[in-house]
2 protein chains.
Amino acid sequence: MSELRHDPIQRRWVIIATERGLNPTHFHMDKESSSEAFCPFCEGNEDKTPKEIYAVRQPESTADGPGWRVRVLPNKFPALRIEGDLERKGVGYYDNMRGIGAHEVVVETPFHNEDWADMSVANISKIMQAYTLRIQDLCNDSRFRYILVFKNYGKGAGASLSHAHSQIIALPVTPINVAVELNSAKEHYHLKERCLFCDILQYEIQSGDRIIRMNERFVAYAPYASRFPFETWISPRYHSYDFAQSSATDLTYLAEILKDIVMRLNRSLNQPPYSFVLHNTPNIRGEKKRINWWETIRYDWHWHIELTPKITPIAGFEWGTGIYINPVAPEKAAKYLREVEI
Amino acid sequence: MSELRHDPIQRRWVIIATERGLNPTHFHMDKESSSEAFCPFCEGNEDKTPKEIYAVRQPESTADGPGWRVRVLPNKFPALRIEGDLERKGVGYYDNMRGIGAHEVVVETPFHNEDWADMSVANISKIMQAYTLRIQDLCNDSRFRYILVFKNYGKGAGASLSHAHSQIIALPVTPINVAVELNSAKEHYHLKERCLFCDILQYEIQSGDRIIRMNERFVAYAPYASRFPFETWISPRYHSYDFAQSSATDLTYLAEILKDIVMRLNRSLNQPPYSFVLHNTPNIRGEKKRINWWETIRYDWHWHIELTPKITPIAGFEWGTGIYINPVAPEKAAKYLREVEI
């Protein structure tokens, strides 16, 4: 079974997922890319996937048959397994625990070639609602510290199947990038008794230079220190630490701005691959066991989405240092996306 | 001119390098890749590059003419500029300083198709020596906190020109990935009065499972929590915080193990793209101005090289979280590389 391993130097957890059964020879650069003649995510092929966990269905339809709009499945090749205890242990100088977690796939549409830019706002908001329900359910398991929702769109962003889908991974650790953000927010709150994100959003909205689009409840902007050209963060304009508590109306406004941003990217950059990552609060039931910082998280944390087109190659410099060279000023990227006609 | 910008949430510096003059339209995905009919790094084309900063030359040859073995040049499209003051300032909630630094290119060979696997150990060690001399020189400038040496091999790792070259960037900040490692090492030293890296190397050499190769002075191993398949770290077996103080003999042993590892990667993975990043000590003249942690760095830090083949696509999950899914156990990768016949 797979393992989580902690590096004492870089202080990050890594999933060693050996059970996918890949041998080192698998990585020989000449191998053919797998063909995609058959798609298990298309309507009518429900018997080729694991049994569904959740679905938005027509009233007369039955589970694991046709007649659905959004369908959530266990990942057939999960990076983490749901059964068992973590069994934390030391291994020489290292820390180790078992690869316990959940790995689900959200099939976003019954149609093979439909993506967010093509869907109605109502249908995108059904995907968002599926996220909230799965997060709520997975949060009942106190082994899980963090429920990660993400989407890789296009081969360049790592998507292995082209049929629109996103993924949900329940992790027994809070990811380091999120942990750094949580700490920044907590320290800011400690000093000022205000939310760091609310402060930044107020500043950004007032300046306007890096705003790409706003609606009544959400704002999409290019962060001041964008790592990548056209990097876009989407935040609720109201303070909220937990995405999973979003109302139906909130999710409709979110779907509206997501569709808008993806259409702008498609129009201006010709359907670039992108990644979509939800930075939500950690799971209260899991994380509060360890440290006592839950008390203020309702006030200090502000969930947001990081949407990053993958249009520049990542070089060794970025990997080895965490310093990124971004050739487009965020103000310029924001202006360009803001002015695109969609 | 370009800027360095600090993100208060993710706590990392980003170089906003607008002066390359790229417009957002540049990133339209249909663009042709630039052809490489002419190579400015080949011997005989010295007049097509900026004037050399350093070269290993035949006695009778003259600067910026033929007759060299290794040649160091200013980067024609530098991410950072050498002239001026940093002018640190606050911008709303953000921190800003000017893009001051140095950006040099090390042309590693006069021959267009020669790489480390083809070169003699003596010639690779001349490249290593060029690194040490440039680091020493750039460290005289107290504006520079960190001198970063790296190499992107192959298009997949971000190399824009195929002629073998590496890069040196002098930065006014210590890169966050290195800073995390420095802190880990410092905390370990504070507790144990021993070097974290020396402890880990002792453990790894004793266990042997993740060792790829050793010679008298260096060891190449797969780190316990490798992020990527075949990730390889190369460390001196003796304690040393500063690569730039390596002796000629040290550099020869280093060149020997580098050539060996690259040959193993080429043989087993068919010339994969890779990145090579030197994690050296920060610059004493720059960094000590800020905080008083220089006192113990001679004892707590241990320079090393991170050599990472780029054979798996990086997906949104990795970017958005800092959690990596590695499908090959480091023990398996190490065994495979150890047993390859070269």
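Here is a quick tour of the sheets, the helix packing and the core in this structure. The model is a predicted one, so read every value below as computed from it. Chain A has an open sheet of ten strands, and chain B has an open sheet of ten strands too. The largest nonpolar core has 169 residues.

**The sheet in chain A**

- Going across the chain A sheet, the strand order is 3-4-7-9-8-13-14-12-11-10, and the pairing is antiparallel.
- Strand 3 (54-57) and strand 10 (211-214) of chain A sit at the edges with a single partner strand each, so one side of each has no neighbour in the sheet.
- On average, neighbouring strands in this sheet are turned by 15 degrees against each other, direction ignored.
- At one end, strand 10 of chain A is joined by three bridges to strand 11 (residues 218-221) of chain A, and the two run antiparallel.
- If you want a pair to look at there, A:M214 has A:V219 in strand 11 of chain A as its bridge partner.
- Helix 8 (residues 330-339) of chain A lies across strand 10 and strand 11 of chain A, at about 40 degrees to strand 10.

**The sheet in chain B**

- The chain B sheet has its strands in the order 3-4-7-9-8-13-14-12-11-10, again with antiparallel pairing.
- Its edges are strand 3 (54-57) and strand 10 (211-214) of chain B; each has a single partner strand, so one side of each goes without a neighbour in the sheet.
- From one strand to the next, the twist averages 15 degrees.
- Strand 4 (residues 68-74) and strand 7 (residues 102-107) of chain B run antiparallel and are joined by four bridges.
- Within that pairing, B:V72 stands opposite B:V106 in strand 7 of chain B.
- Helix 1 (residues 121-138) of chain B lies across strands 3, 4, 7, 8 (146-153) and 9 (165-171) of chain B, running at about 30 degrees to strand 4.
- Helix 3 (residues 196-207) of chain B also packs on the sheet, where it touches strand 10, strand 11 (218-221), strand 12 (232-236) and strand 14 (304-309) of chain B, and its direction makes about 70 degrees with that of strand 11.

- In chain A, helix 1 (residues 121-138) and helix 4 (residues 248-269) pack at an angle of about 115 degrees, with their axes 8 Å apart.
- The crossing of these two chain A helices is right-handed.
- Helix 1 of chain A brings A:V121, A:I124, A:S125, A:M128 and A:Q129 to the contact, while residues from helix 4 of chain A include A:L251, A:L254 and A:L258.
- By type, the residues of this chain A contact split into seven nonpolar, three polar and two charged.
- In chain B, helix 1 and helix 4 (residues 248-269) pack at about 115 degrees, with axes 8 Å apart, and the crossing is right-handed.

**Core and buried residues**

- Residues with the most contacts inside the largest core are A:I147, A:I261, B:I147 and B:I261.
- Leaving out residues up to four places away in sequence, A:I261 touches A:I212, A:R213, A:A220, A:T232, A:I234 and A:L307.
- Over in chain B, B:L171 lies in strand 9 and counts as buried because it has 29 C-beta neighbours inside 10 Å.
- Beyond its neighbours within four places in sequence, B:L171 has contacts including A:I323 from chain A, plus B:G101, B:F144 and B:Y146.
- B:L171 and B:G99 are 72 residues apart along the chain, yet their C-alpha atoms are separated by 8.7 Å.

How values were computed: Residues are numbered from 1 along each chain as its sequence is written. Chains are lettered from A and ligands numbered from 1 in the order in which they are written. This is a predicted model: local features need pLDDT of at least 70, side-chain atom pairs count only at pLDDT 80 or more; totals for chains, interfaces and linings use all residues. A nonpolar core is a set of buried Ala, Val, Leu, Ile, Met, Phe, Trp, Tyr and Cys residues joined through C-beta atoms within 7 Å. A residue is buried if 20 or more other C-beta atoms lie within 10 Å of its own, exposed if 12 or fewer, and partly exposed in between; C-beta atoms are placed from the backbone. Two residues are in contact if their C-beta atoms, placed from the backbone, lie within 7 Å. Two strands pair if DSSP finds at least two bridges between them. Axes are lines fitted to C-alpha atoms, for helices over the stretch in contact, and angles run from 0 to 180 degrees between N-to-C directions. A crossing is left-handed if the near helix is turned anticlockwise from the far one by less than a right angle, and right-handed if clockwise. Ala, Val, Leu, Ile, Met, Phe, Trp, Tyr, Cys and Pro count as nonpolar, Asp, Glu, Lys and Arg as charged, and the others, Gly among them, as polar.
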